[in-house]
Amino acid sequence: MQTATTHPGSGAAHADSHAHDHHEPSFLTKYIFSSDHKIIGIQYGLTSLLFLLLGFMLMLAMRQQLAYPNQPIPIVGGLLSKVLGNDMASQGVMQADLYNAFGAMHGTIMVFLAIVPLAFGAFGNYVTPLQIGAPDMAFPRLNMASYHFFFWGGVVMLASFFIPGGAAKSGWTSYSPLATVADLNNVINGQTLWLIGMVLLITSSLLGAVNFIATIIQLRAKGMTWMRLPFFVWAQFVTGFLLLLAFPPLEAAGLLQLSDNVLGTSFFLPTGLVYNGKQLDVSGGGSPLLWQHLFWFLAHPEVYVLILPAMGIVSEVIANNTRKPLWGYRSMVYAALAIGFLAFIVWAHHMYMTGMGTKIATFFQTTTMMISVPSVIILSALFISLWGGSIRFNTPMLFALSFLPMFGIGGLTGLPLGLNASDIYLHDSYYVIGHFHYVVAPGTIFGLFAGVYFWFPKITGRMMNEFWGKVHWFFSLIAMNLIFAPMFIQGIRGMSRRMYDGGATYFSVGVGADPGILWLNKFITHAAVLLAVAQIPFIINFVWSIWFGRKVDSDNPWQATTLDWQTPTPPPHGNFASTPVAHRGPYDYSVPGAKRDFTPQDQPN
């Protein structure tokens, strides 16, 4: 296996440390099967942005169904009928099975194919080696394999829409026994492909996690001590450990559930299971709760896999645009490490409804409250960092600033869900959807948008248009809040999730939630359309700026301090023109007595 050949703290290898022969690489070698971390980061970035768009489109179709149940979906309804069949979309009307499939695939695509690959695979791959002064990742070919496992996992997931029975319908959590009995008519069904796709995606993440950990430990430039690492690198480091330790149980669980579905085993199927009035012919003896434990042991650390890289991006943007060091840098580092530990002992707060005893519930309530503390430390440090700063309100900074209160709302609304007594009433309601999406949508995704606008000039050598960037930010911020804030009201007033008609049938028989909240389904859908329109300036701005954006006038257009801005633009193979040496911390802004308001890490004292 090809490796870069430096030792811990000994200085990055020269730009030609693993140079290839002098012949010009072919298109396939350079862009498809590249082992350069920058190309792989771009591959992850473009692919995950496309999946982000697809997941968003699935959500729009679901919101249309919730607002106007049993009516044809505008524009794409006829196409859905032709492509997926009348069983799924009869005369353009979304059927219950298609709603369930879109719901399951929306969650899966957004988490595993869009946000995590963009946050960890794209930004992590491109920026981390640059920030630590390395010529590449520790294992370049392993890095290439990681992307290709991710890509083919996505292809398998998408293929499931077009097989008999359609895509997986058992939610993004794939709970047993539902995931086994949901489509017994087809041997190879959507759930089978979902599990195969998940195994490929998990393998991708594990390869990436090992590579990131090895790279950060082994390939730091001379002088790049642990407390000189940018907070972004610390966030990626902790994220790598979360993935490495949390994903193997879910990969094992996925293989066991695949065995239940295809080979007739009963790892998660209990004895005496009755389906459609008949007892299933299975050996039994399995435990559905075992699947939940294995799934949530990954899925709650996954929340921090989503949020930590975004925190790292926001930290870089805020330090750069306040022109002052991060307040409490060491506290933020220790808080991130605490999150990495506590994330593994909170998973069962998703399972209070399973009848766990009060002692176990008390333990998980306590750890859930504890993990909020390091998150608050990081958020508070970022807020305090604004104090006394000479703030530049450019597009990356606007998204970074919006991240702070949005993530705060997501965190605060999660506290009632961490307590057994209140979670019993709110569980599986729209309150949960509102809470989670405040963390991930105006939270994590705003952090990722900040990163796109911030590092775009380093990647392409061109700037994105500031005016259209601010238009994108403004309407996205308004629309996000109009979408998710009403969900708290719906949840508190009893509206359950996963109802394909928005609860209209359920409420009509006089039970369930207050029918007076049904009008909010239309309100939220209209806000979702506004959010879709708000992304048009971003898409046009992004594509246009790649070829026609204003060229940067220096390698460091933001006047930043970290090593990623001390490379040529775009960085060449090997990254650095000469071996970098770190002489100072990552955020030496506005140092008294300095000639400029920023002092790069590689500038000698």
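Predicted model: local features only at pLDDT ≥ 70, side-chain atom pairs only at ≥ 80, totals over all residues.
**Entry 1. Salt bridges**

I started with the charged side chains, and the count came to 7 salt bridges. I looked up Asp428 and found that it forms a salt bridge with Arg498, with 3.6 Å between the closest N and O atoms. Asp428 sits in the loop between α13 (420-426) and α14 (430-460), and Arg498 in the loop between α15 (466-492) and α16 (504-508), so the pair ties together parts that are 70 residues apart in sequence. Asp428 has a relative accessible area of 32% and is partly exposed. Arg498 is also partly exposed, at 42% relative accessibility. I noted that Asp428 and Arg498 belong to a network of salt bridges that includes Arg497.

Next I took a pair within one helix. Glu466 forms a salt bridge with Lys470, and their closest N and O atoms are 3.9 Å apart. The cut-off for a salt bridge is 4 Å, so this pair is counted. Both residues are in helix α15, 4 residues apart, and about one helical turn separates them. Glu466 is partly exposed at 30% relative accessibility, and Lys470 is partly exposed with a relative accessible area of 34%.

I also looked up Arg584, which forms a salt bridge with Asp588 at 3.0 Å between the closest N and O atoms. Is Arg584 buried or exposed? I recorded 12% relative accessibility for Arg584, which counts as buried.

**Entry 2. Nonpolar patch**

I turned to the surface and found a nonpolar patch with about 1,100 Å² of accessible area together. Among its residues are Leu53, Met57, Val529, Ile536, Trp544, Trp547 and Phe548. Which helices each supply at least two residues of the patch? I found α2 (37-67) and α17 (519-548). The largest share comes from α17, with 9 residues. I looked at Trp547 separately: it is in helix α17, and it is exposed, with a relative accessible area of 56%.

**Entry 3. Aromatic pairs**

I then went through the rings, and the structure holds 46 aromatic pairs. I opened the pair of Phe102 and Phe161, which is edge-to-face, with 6.0 Å centre to centre and 75° between the planes. Phe102 lies in helix α4 (residues 96-132) and Phe161 in the loop between α5 (140-159) and α6 (178-181), so this contact ties together parts that are 59 residues apart in sequence. Phe102 is buried at 5% relative accessibility, and Phe161 is buried at 12%.

I followed this with Phe363 and Phe364, whose ring centres are 5.1 Å apart and whose planes are at 85°, so I logged the pair as edge-to-face. Phe363 is partly exposed, with a relative accessible area of 41%, whereas Phe364 counts as buried at 7% relative accessibility.

**Entry 4. Arginines over rings**

Arg220 lies over the face of Trp226, at 4.3 Å from the ring centre. I found another case in Arg596, which lies over the face of Phe598 at 4.4 Å from the ring centre.

Notes
Residues numbered from 1 in each chain as written. Heavy atoms only, no water. Buried < 20%, exposed > 50% of the residue type's maximum accessible area, 1.4 Å probe, protein only. Patch = residues over 30% accessible without salt bridge, like charges linked within 9 Å, V, L, I, M, F, W, Y side chains within 5 Å. Areas by Shrake-Rupley, 256 points an atom, 1.4 Å probe, with all protein chains shown as cover. Phe/Tyr/Trp six-rings, centres within 6.5 Å; stacked < 30°, edge-to-face > 60°. Lys NZ or Arg CZ within 6 Å of the ring centre and 35° of its normal.
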